[in-house]
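These are my notebook entries on one structure. I record below what I looked up, entry by entry.

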Amino acid sequence: QVQLVESGGGLVQAGGSLRLSCVASGRTFSTSRMGWFRQAPGKERECVASISGRIFNTYYADSVKGRFTISRDNAKNMVYLQMNSLKPEDTAVYYCNAVKDYSVPLSDYWGQGTQVTVSS
């Protein structure tokens with residue numbers, strides 16, 4: 001089973017930046033599209049960004065376009081999410097997962113996530 005470990009969250013003021021990291025186990029990582037998801041209290045989990053395995057084609061939700069940047073390092077089985085110009089509405093627990101169809105989680109398994117809190 002794929003193991004996913006997210007890190008890098010924290011408390012930041014509006015307008016600030018954070019960089020999230022996710023390390024994933026599994027031999028198919030380099031060919032898997034990977035994504036970042038978030039879930040705020042009382043809301044459904046949503047995909048905010050994803051990146052393909054080989055050519056690094058990216059997808060972003062409209063709410064984060066121009067502010068968030070997803071990247072990956074296949075040699076290290078790592079996926080990153082650089083978050084700039086953070087807003088209070090970005091407050092959520094952030095998770096990574098393999099993705100299909102650009103924004104649909106491929107697995108029902110989720111890591112523990114990392115909490116991002118943006119104060120106004």
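I listed the contacts of isoleucine 70, contact meaning heavy atoms within 4.5 Å. Not counting residues up to four places away in sequence, isoleucine 70 touches Met34, Gly35, Trp36, Ala49, Ser50, Ile51, Thr58, Tyr60, Val79, Tyr80 and Leu81. I found isoleucine 70 in strand E7 (residues 68–73); strands (E, at least two residues) are DSSP runs, numbered from the N terminus. Isoleucine 70 counts as buried because its relative accessible area is 4%; buried means under 20%, exposed over 50%, and partly exposed in between (1.4 Å probe, protein chains only).

I noted the basis of these values: the model is predicted, local features need pLDDT of at least 70, side-chain atom pairs count only at pLDDT 80 or more, and totals for chains, interfaces and linings use all residues. Residues are numbered from 1 along each chain as its sequence is written, and side-chain values use heavy atoms, with hydrogens and water left out.

I then looked up salt bridges (a side-chain nitrogen of Lys or Arg within 4 Å of a carboxyl oxygen of Asp or Glu). The structure holds 4 of them. Arginine 38 forms one with glutamate 46, with the closest N and O atoms 2.8 Å apart. Glutamate 46 is partly exposed at 33%. Arginine 38 also meets aspartate 90 in a salt bridge (2.9 Å, N to O). This pair links distant parts of the chain, 52 residues apart.

Which residue did I find in a salt bridge with arginine 67? The partner is aspartate 90, at 2.7 Å, N to O. Aspartate 90 is buried, with a relative accessible area of 0%. Shared partners join Arg38, Glu46, Arg67 and Asp90 into one network of salt bridges.

Methods. Helices (H or I, at least four residues) and strands (E, at least two) are DSSP runs, numbered from the N terminus.
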